[in-house]
Amino acid sequence: MHRLWLIFAQAVTVSIAALFVVMTLKPDWLGGKPQPAVVAFQEAAAPATADARKVTSYADAAKKALPSVVHIYTSKEVKAPRHPFADDPVFRYFFGDRFGEQAQRRSGLGSGVVVSPEGYILTNFHVIDGADEIEVATNDGRRLRARIVGLDPETDLAVLQVKADSKLPAVTFAPTESLRVGDVVLAIGNPFGVGQTVTMGIVSA
């Protein structure tokens, strides 16, 4: 009797497992229809896939912003430290004053963006910090001398101004409340003086 009961229990278990597999993989064999949850998922996923295919390039956005991005060349005088033996009479007898304090010019590169057609440019404070000569190269090849209008070291911002024969193409600012964490942003610059480059990131905070 016990043996018959085991055989019956195993047969029922195998039958239920087979029925589950058929209903999952081939519901049409039993005259059934796909589960509503699967249909709903497929319908919800289809529009997202279609929208994802529309975003193929950021070239149009970059093309619109590129004319407003400028390259900033800075130069400043830096005094080299004196040699530790420069004041030693014996050292000075053999080498003279060649190791004394000497002034050298140091150059730097950076990027900025034109924020006003009148020639106001927004850049970083560290780009022009200590510079006594600042030159701006525009997207159309002009090189203009710039002067510092305002500085804010705490936020690492600086404002420059250049005098141009014609108005410069300025960026259009979006409302600040439209910016959200996770939005895609483009960064245009001039790393190592190779020319304008475009990279992409997201608003992290």
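User: Two strands count as paired if DSSP finds at least two bridges between them. With that in mind, in which sense do β3 and β6 pair, and over how many bridges?

Analyst: This is a predicted model. In it, β3 and β6 pair in the antiparallel sense, over 4 bridges.

User: Which residues of β3 are on the covered face, and which on the uncovered one?

Analyst: I121 and T123 make up the covered face of β3, whereas Y120 and L122 make up the uncovered one.

User: Let us step back. How many helices and strands does the chain have, and in what order do the elements run?

Analyst: The chain has 5 helices and 8 strands. Starting from the N terminus, the order is α-α-α-β-α-β-β-α-β-β-β-β-β.

User: What share of the contacts join residues at least 24 apart?

Analyst: That share is 60%, taken among contacts between residues at least 6 apart in sequence.

User: Now the core. Which residues touch the most other members of the largest nonpolar core?

Analyst: The largest nonpolar core has 16 residues, and those touching the most other members are I72, I121, I128, I134, V136, L160 and V162. Two or more residues of this core come from each of β1 (69–80), α5 (125–128), β4 (133–137), β5 and β6.

User: What is V136 in contact with?

Analyst: Beyond its neighbours within four places in sequence, V136 is in contact with V70, H71, I72, I121, R142, R143, L144, A146 and V162. Among these, I72, I121 and V162 also belong to the core residues named above.

User: How do β4 and β5 run, and how many bridges join them?

Analyst: They run antiparallel and are joined by 3 bridges. A137 stands opposite R143 in β5. The two strands form a hairpin with 5 residues between them, and in the turn G141 has a positive phi of about 100°.

User: And β5 with β6: how many bridges there?

Analyst: There are 6 bridges, and the pairing is antiparallel. The hairpin of β5 and β6 has 4 residues between the strands.

User: Which residue in that hairpin takes a positive phi?

Analyst: D156, with a value near 60°; it is not a glycine. D156 lies in the loop between β5 and β6. Its relative accessible area is 23%, so it counts as partly exposed.

User: What about E154, is it buried or exposed?

Analyst: E154 counts as exposed because its relative accessibility is 79%, and the cut-off for exposed is over 50%. E154 is placed in the loop between β5 (143–152) and β6 (157–162). The C-alpha atoms of E154 and F125 are 8.9 Å apart in space, although these residues are 29 apart in sequence.

User: Switching to pockets: how much space lies in the largest one?

Analyst: The largest pocket holds about 1100 Å³ of space. Its lining consists of 28 residues, of which A65, V171, T172, V185 and L186 are the closest to the centre. The elements giving two or more residues to the lining are α3 (59–65), β2 (102–114), β3 (120–123) and β7 (184–189).

User: Where does the largest share of the lining come from?

Analyst: It comes from β7, with 5 residues. V185, for its part, is found in β7 and is partly exposed, with a relative accessible area of 32%.

User: What does V185 touch?

Analyst: Not counting residues up to four places away in sequence, V185 touches T199, M200, G201, I202 and V203. For V185 and V203, 18 residues apart along the chain, the C-alpha separation is 6.8 Å.

User: Last one, S68. Where does it lie, and is it buried or exposed?

Analyst: S68 lies in the loop between α3 and β1. It counts as buried because its relative accessibility is 3%, and buried means under 20%.

User: What is S68 in contact with?

Analyst: Leaving aside neighbours within four places in sequence, S68 is in contact with G112, V113, V114, P169, A170 and V171. S68 and V171 are 103 residues apart in sequence, with their C-alpha atoms 5.9 Å apart. V171 is also one of the residues closest to the centre of the largest pocket.

Definitions and conventions
Residues numbered from 1 in each chain as written. Predicted model: local features only at pLDDT ≥ 70, side-chain atom pairs only at ≥ 80, totals over all residues. Heavy atoms only, no water. Contact = heavy atoms within 4.5 Å. Buried < 20%, exposed > 50% of the residue type's maximum accessible area, 1.4 Å probe, protein only. Core = buried A, V, L, I, M, F, W, Y, C linked by side-chain atoms within 4.5 Å. 1 Å grid on protein atoms, 1.4 Å probe; cavity = no way out; pocket = protein on both sides within 12 Å on 5 of 7 lines; lining within 4 Å. Points joined across faces, edges and corners; volume = space filled by probe spheres on them.
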